[in-house]
Amino acid sequence: MPVDLYYVPGSAPCRTVLLAAKALNVDLNLKLVDLHHGEHLKPEYLKLNPQHTVPTLVDDGFSIWESRAIITYLANKYGKGSSLYPEEPKARAMVDQRLYFDIGTLYQRFSDYFYPQVFGGAPADKEKLAKVEDALKLLDLFLEGQKFAAGPSLTLADLSLVASVSSMEASDINFTKYNNIKRWYETVQRTAPSYEEANGKGLQAFKELVKNMMKK
Ligand SMILES: N[C@@H](CCC(=O)N[C@@H](CS)C(=O)NCC(=O)O)C(=O)O
């Protein structure tokens, strides 16, 4: 039974799921959702996800959304014993902490800063930028003396964080000035399975969307 993923290529949360599926060797049946034409607001889609967001995963009739909930579900169901989501409680807690840091702090602050500029034509807000920089400083600190975000090996935390951090390439935020982040970013690009296919291509689409929106 194929696992369906409703997605948009440029979306960072969707790229997180694509990265995790590749790393866990889960085949996804990709279903494009046309947000511009409101496909996500149609009754068929609302039945799957009343919150009308992408990504949404449907596995044998079970529908789940929120990218980080999706990737932990995939690891629990298809990645038993995988180091991507370790079972040892402290190691797992560390991965979860980084995932919640990403959704609640890092990506949240980036969205608050950047998306009003891209989608609302708002001017850059220095206070919001300072909050993004504070979050990046924290990530840089988490990575001090550590190869990956939650320890010595690649985990779901890296796959979520890399989708967020790479999205900043489309903005004026220079995250490579943080040495640990720079080193980690290069390492994840090299080591995450099928990185280019799962994140690189969609990132390119995101950059083009940003360029077009900023021109308007
Ligand atoms: N926290 C959610 C964010 C999902 C999200 O906001 N997706 C956007 C696209 S990047 C979306 O679906 N927007 C349409 C809508 O909210 O109606 C996740 O990580 O899955």
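1. In which handedness of crossing does H4 pass H5? The crossing is left-handed, where left-handed means that the near helix is turned anticlockwise from the far one by less than a right angle, and right-handed that it is turned clockwise. The axes of H4 and H5 come within 9 Å and cross at roughly 150°, and the two helices are therefore roughly antiparallel to each other. Axes here are lines fitted to C-alpha atoms, for helices over the stretch in contact, and angles run from 0 to 180 degrees between N-to-C directions. Angles under 35 degrees count as roughly parallel, over 145 as roughly antiparallel, 65 to 115 as roughly perpendicular and the rest as oblique. Helices (H or I, at least four residues) and strands (E, at least two) are DSSP runs numbered from the N terminus.

2. On the basis of these points, the model is a predicted one, in which local features need pLDDT of at least 70 and side-chain atom pairs count only at pLDDT 80 or more, while totals for chains, interfaces and linings use all residues. Residues are numbered from 1 along each chain as its sequence is written, and side-chain values use heavy atoms, with hydrogens and water left out.

3. Two further helix pairs deserve a look. The axes of H3 and H4 come within 11 Å and cross at roughly 160°, which makes H3 roughly antiparallel to H4, and the crossing of this pair is right-handed. Helix H5 (residues 126–142) and helix H7 (residues 179–191) pack with their axes 8 Å apart, at an angle of about 70°, and that makes H5 roughly perpendicular to H7. The crossing of H5 and H7 is left-handed.

4. The largest pocket holds about 750 Å³ of space. Its lining is made of 27 residues, and Ser11, Pro13, Leu35, Val54 and Tyr107 lie nearest its centre. Helix H1 (12–24), helix H3 (67–78), helix H4 (89–120) and helix H8 (195–215) are the elements that give two or more residues to this lining, with H4 giving the most, six residues. By class the lining of the largest pocket has 14 nonpolar, ten polar and three charged residues, where Ala, Val, Leu, Ile, Met, Phe, Trp, Tyr, Cys and Pro count as nonpolar, Asp, Glu, Lys and Arg as charged, and the others, Gly among them, as polar. Domain 1 (3–78) and domain 2 (89–215) each contribute at least three residues to the lining of the largest pocket; the domain bounds come from an automatic or database domain assignment.

5. For the terms used, a 1 Å grid is laid over the protein atoms alone: a cavity is a set of points where a 1.4 Å probe fits but cannot get out, a pocket is an open set with protein on both sides within 12 Å along at least five of seven lines, and lining residues have an atom within 4 Å of a point. Grid points are joined across faces, edges and corners, and a volume is the space filled by probe spheres set on the points.

6. The second largest pocket contains about 310 Å³ of space. Of the 14 residues that line it, Leu18, Lys22, Leu30, Glu197 and Ala198 are the closest to its centre. H1, strand E2 (28–32) and H8 each supply at least two residues of this lining, and H8 gives the most, with four residues. The lining of the second largest pocket has eight nonpolar, two polar and four charged residues. Domain 1 (3–78) and domain 2 (89–215) both give residues to this lining, so the second largest pocket lies between them.

7. The count comes to one cavity of 30 Å³ or more, and the largest cavity has a volume of about 30 Å³. The residues lining the largest cavity are Ala75, Asn76, Gly79, Lys80, Gly81, Ser82, Tyr85, Glu87 and Arg92.

8. Two backbone details are worth checking. Valine 54 and proline 55 are joined by a cis peptide bond, with omega about 0°, and proline 55 is found in the loop between helix H2 (43–48) and strand E3 (56–59). Aspartate 60 has a phi near 55°, a positive value in a residue other than glycine, and aspartate 60 is found in the loop between E3 and strand E4 (62–65).
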